[in-house]
Amino acid sequence: MIASLRGTVVAVSLTSAVIETGGVGLAVLATPTTLSALRVGAEALLHTELIVREDSLTLYGFAEADERDCFRVLLGAKGVGAKLALAMLAVHTPDALRRAIAAEDVAALKRVPGLGPKGAQRIIIDVGDKLGPPLGQEPPASRGEPIAADGAAEDGEPHPDVVAALVQLGWNEASAREAVLAVGPGLAAPGQAPAVPEILRAALRWLGGGRRG
């Protein structure tokens, strides 16, 4: 088992990063929240989970051990694969998932792309109290607050890479474009363009507030 990975960040994309350690570059899939904190050329430490399949070895990385532990528990629920578990942690923090499952809040779980009411109810039953109680105070996540930059490319259109990533996660293009433009100014310093993972994270939070294609 590869429990953690420390090394130099070589590349960061919308859905993954490459971290070099011991002369070997390892591709790690991660949530936008984790990816937004990585900087090329800087050292990073990720808590990891290796998923072994007949035809593949896939490494998933998390900024916090708690996220990795929640990922493991979610994989134990019927019908939840690695892609869905990662999407759940992209939309909700571990404590938000704990609260939603404890309260049997199907509506909150349905904000995750690819998760319908029956799947949400099954997760509530299968996971139960396995995630444990909330560990901290949940930060506010109002859709209306200006939590990101305008998210537009130079031509004023929504950033195409972010829109494509949201579509890949399960939202339709119209909702994805609306989210990218709606997150509003505030994240980036004046004169600086925000990083793509930061725009994606903000758009996910906005969509997680109830808007979904």
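How many helices and strands does the protein have? It has nine helices and five strands.

## Model and conventions

This is a predicted model: local features need pLDDT of at least 70, side-chain atom pairs count only at pLDDT 80 or more, and totals for chains, interfaces and linings use all residues. Residues are numbered from 1 along each chain as its sequence is written, and side-chain values use heavy atoms, with hydrogens and water left out.

Helices (H or I, at least four residues) and strands (E, at least two) are DSSP runs, numbered from the N terminus.

## Overall make-up

From the N terminus on, the order of elements is β-β-β-α-β-β-α-α-α-α-α-α-α-α. The protein has 213 residues, and 41% of them are buried. Buried means under 20% relative accessible area, exposed over 50%, and partly exposed in between (1.4 Å probe, protein chains only).

The accessible surface comes to about 10,700 Å². Carbon and sulfur atoms hold 53% of that surface. These areas come from the Shrake-Rupley method with a 1.4 Å probe; for residues, only the protein chains shown count as cover. Among contacts with a separation of 6 or more, 59% link residues 24 or more positions apart. Contact means heavy atoms within 4.5 Å.

## The barrel

Five strands form a closed barrel in the order β1-β2-β3-β5-β4, with mixed pairing. From one strand to the next, the twist averages 55°. Two strands pair if DSSP finds at least two bridges between them.

Strand β1 (residues 4-12) pairs with β2 (residues 16-21) in the antiparallel sense, over four bridges. A hairpin of three residues joins β1 to β2. V12 stands opposite A17 in β2. T8 has E20 of β2 as its bridge partner. β1 also runs antiparallel to β4, and five bridges join these strands. There, L5 is the bridge partner of L46 in β4.

## Helices α2 and α4

The axes of α2 and α4 (residues 94-102) come within 10 Å and cross at roughly 40°. Axes are lines fitted to C-alpha atoms, for helices over the stretch in contact, and angles run from 0 to 180 degrees between N-to-C directions. α2 and α4 are therefore oblique to each other. Angles under 35 degrees count as roughly parallel, over 145 as roughly antiparallel, 65 to 115 as roughly perpendicular and the rest as oblique. On the α2 side, the contact is made by D66, E67, C70 and L74. P94, L97 and R98 make it from α4.

## Helix α3 and A90

Nine of the 10 residues of α3 are buried, so this helix is largely enclosed by the rest of the structure. Among the buried residues are L84, L86, M88, L89 and V91.

A90 is found in α3. Its relative accessibility is 13%, so A90 counts as buried. Leaving out residues up to four places away in sequence, A90 touches T31, P32 and L204. A90 and P32 are 58 residues apart along the chain, yet their C-alpha atoms are separated by 6.4 Å.

## Annotated spans

An unreviewed UniProt entry annotates residues 72-91 and 107-126 as "domain: Helix-hairpin-helix DNA-binding motif class". UniProt positions are given in the numbering used here, feature names are shortened, and annotations may be inferred rather than shown by experiment.

Residues 72-91 are 70% helix and 0% strand, with end C-alpha atoms 17 Å apart. Residues 107-126 are 65% helix and 0% strand, and their end C-alpha atoms lie 17 Å apart.
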